[in-house]
Amino acid sequence: MVFSSLNFIFIFLPLFLFAYYVTPAAFRNSTLFAGSILFYAAGVIKQPYALFLLMVLTYLNYVFGIRLYQIHNPRKKKLFLTKVIFFDFLWLFLFKYSRHLSLPLGISFYTFQLTAYLFDIYYGRILPERDFVTFGTYISMFPKLISGPITPYEMLRRQLHSARRFLPENLAEGMKLFIRGLGLKAILANQFGSLWANVGTIGYESISTPLAWLGIYAYSFQIYFDFSGYSDMAIGLGAVLGFHFPENFNYPYIAASVKDFWHRWHISLSTWFKEYVYIPLGGNRKGLPRQLFNILVVWMLTGIWHGAGWNFLFWGLWFAFFLILEKLFLGDILESVPKVFGRIYTLAVVLISWVFFALESPGEILAYLQAMFGMNGIGPVNSLAMFLCNEYLVLLVIALVACLPLGSRLVHALKSSKTGPAMALYRLGEKVIPAVLLLLSVAYIVDASYNPFLYFRF
């Protein structure tokens, strides 16, 4: 069961919301905890060990957090934290990098939340949660359990302990955001996934340069709308339940540097690595050589986090290389030239990175890069590329507009306008657009034979 399934939209979600809001405020965490476990169990029905692992790790880390707080000797406290972090990541590495075990759904994300919780107790940022149901709700909350956003406990602590009254405006705003994310997933991401799959069926060694670029643009749109759509749905569901989750995407394809891109893409993951790896390693406090080393370590780990294949490690090192260049001299150059040059450079770096990310075989990666740069001996003119461009032209234009902040600026302008026509147009769009998006999304979901979220496999 995924957010973009009919079972979730029309059965699980309405029934759960009814149960959640008829439950007395003091027991809503219990309802949310139970509903989240039910949601997760439905998703891992073929992996019964996954639910067991989630519950065991949740309980053990609840106990570990209390014990960590009770240790006052700095050396013993650090040793205990080290052992617990090793224990938590042992399970992640065991499943993620084993060729014989399937990856439990969401393990990468909830492991990061568990370890962040322990680090924050160690550094004195938070007190341990003494109520297991509240802690279990924080870890297993179904809107963010599978693919984030990775949310620090301190950010949700007060909300977890509040009454969270039913507010119609929260329901309305949350569902609008959920429907927007659903539209990005069902209408855009899935269609670009089909285009990317079509390119793959041809064979990467046989594609022309235009088709190679069309294919990698398709994958870039697919992964962006897939993951940002999921994040919008998660944040929207959180709002419906009375929680505020952090923004996870901020128009990354308009970034003017690689550093800027990672301030906009998967923000919660970048923040986690900054807070719990980069800064503890010394950040930028120990001189330039150490700072460059820290960047290298962070991006090696970021690549490894995404998967066991060498391509993910190379993907991480690819970004580390350009981030180091920007730290040394390239960042100053980019700031001194018009932003358009920085955006072209960043987009090129990111598009090439998606080749490493999407393809695992070195032979496939090399063949695809050769095709992108006209080095495979196939002419630039290709009838199939022209056909696919024409077929997907409207979708490509819509995707391009959706990647830019034009829509949000237009909505803001209409909303803040004092004129009658502008306000009337805003109110009409506020009611009509979500309804149309929902109908179109449901139609696409009914027609789709395959409807996964890409980041579920990480």
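Accessible areas are those given by the Shrake-Rupley method with a 1.4 Å probe. On that basis, the accessible surface of the protein chain in this predicted model comes to about 21500 Å², and 68% of that surface belongs to carbon and sulfur atoms. Of the 458 residues that make up the protein chain, 52% count as buried.

The secondary structure of the protein chain consists of 20 helices and 0 strands. The radius of gyration is 23 Å, close to the 23 Å that the globule rule gives for 458 residues, so the protein chain is as compact as a globular protein of that length. The C-alpha trace spans about 70 × 60 × 50 Å along its principal axes. Among contacts with a separation of 6 or more, 74% are accounted for by residues 24 or more positions apart. With regard to charge, the protein chain carries 35 positive and 21 negative side chains, and the centres of these two sets lie 10 Å apart.

The interior was examined next. In soluble globular proteins, nonpolar side chains tend to be buried together. In the present model the largest nonpolar core has 140 residues, and those with the most contacts inside this core are Phe3, Phe8, Tyr110, Phe142, Trp354 and Tyr368. Helix α10, which covers residues 209-240, gives the most to this core, contributing 17 residues. When residues up to four places away in sequence are not counted, Tyr110 touches Tyr40, Leu53, Leu54, Leu57, Leu105, Ile139 and Leu145.

Leu13 has its place in helix α1, which comprises residues 6-22, and a relative accessible area of 5% falls under the 20% cut-off, so Leu13 is classed as buried. With residues up to four places away in sequence left out, Leu13 touches Phe8, Met175 and Leu237, of which Phe8 is also listed among the residues with the most contacts inside the largest nonpolar core. The C-alpha atoms of Leu13 and Phe39, which stand 26 residues apart along the chain, are separated by 9.8 Å. Thr115, by comparison, lies in helix α5, formed by residues 107-122, and is buried, with a relative accessible area of 0%. The contacts of Thr115, again not counting residues up to four places away in sequence, are with Ile85, Asp88, Phe89 and Trp272.

Several features of backbone geometry were found in loops. Most residues other than glycine have a negative phi, and most peptide bonds are trans. Against this background, Gly148 and Pro149 are joined by a cis peptide bond, with omega at about 5°, and Pro149 is found in the loop between α7 (142-145) and α8 (153-160). Arg164, although not a glycine, has a positive phi of about 50°; this residue is found in the loop between α8 and α9 (168-202). A relative accessibility of 6% is under the 20% cut-off, and Arg164 therefore counts as buried despite the charge assigned to Arg side chains. A positive phi, here about 45°, is likewise given for His266, which is not a glycine. His266 lies in the loop between α11 (258-262) and α12 (267-278) and, at 0% relative accessibility, counts as buried.

How values were computed: Residues are numbered from 1 along each chain as its sequence is written. This is a predicted model: local features need pLDDT of at least 70, side-chain atom pairs count only at pLDDT 80 or more; totals for chains, interfaces and linings use all residues. Side-chain values use heavy atoms; hydrogens and water are left out. Helices (H or I, at least four residues) and strands (E, at least two) are DSSP runs, numbered from the N terminus. The radius of gyration is taken over C-alpha atoms; the globule rule is 2.2 Å times the number of residues to the power 0.38. Buried means under 20% relative accessible area, exposed over 50%, partly exposed in between (1.4 Å probe, protein chains only). Contact means heavy atoms within 4.5 Å. The place of a charge is taken as NZ of Lys, CZ of Arg, CG of Asp or CD of Glu. A nonpolar core is a set of buried Ala, Val, Leu, Ile, Met, Phe, Trp, Tyr and Cys residues joined through side-chain atoms within 4.5 Å.
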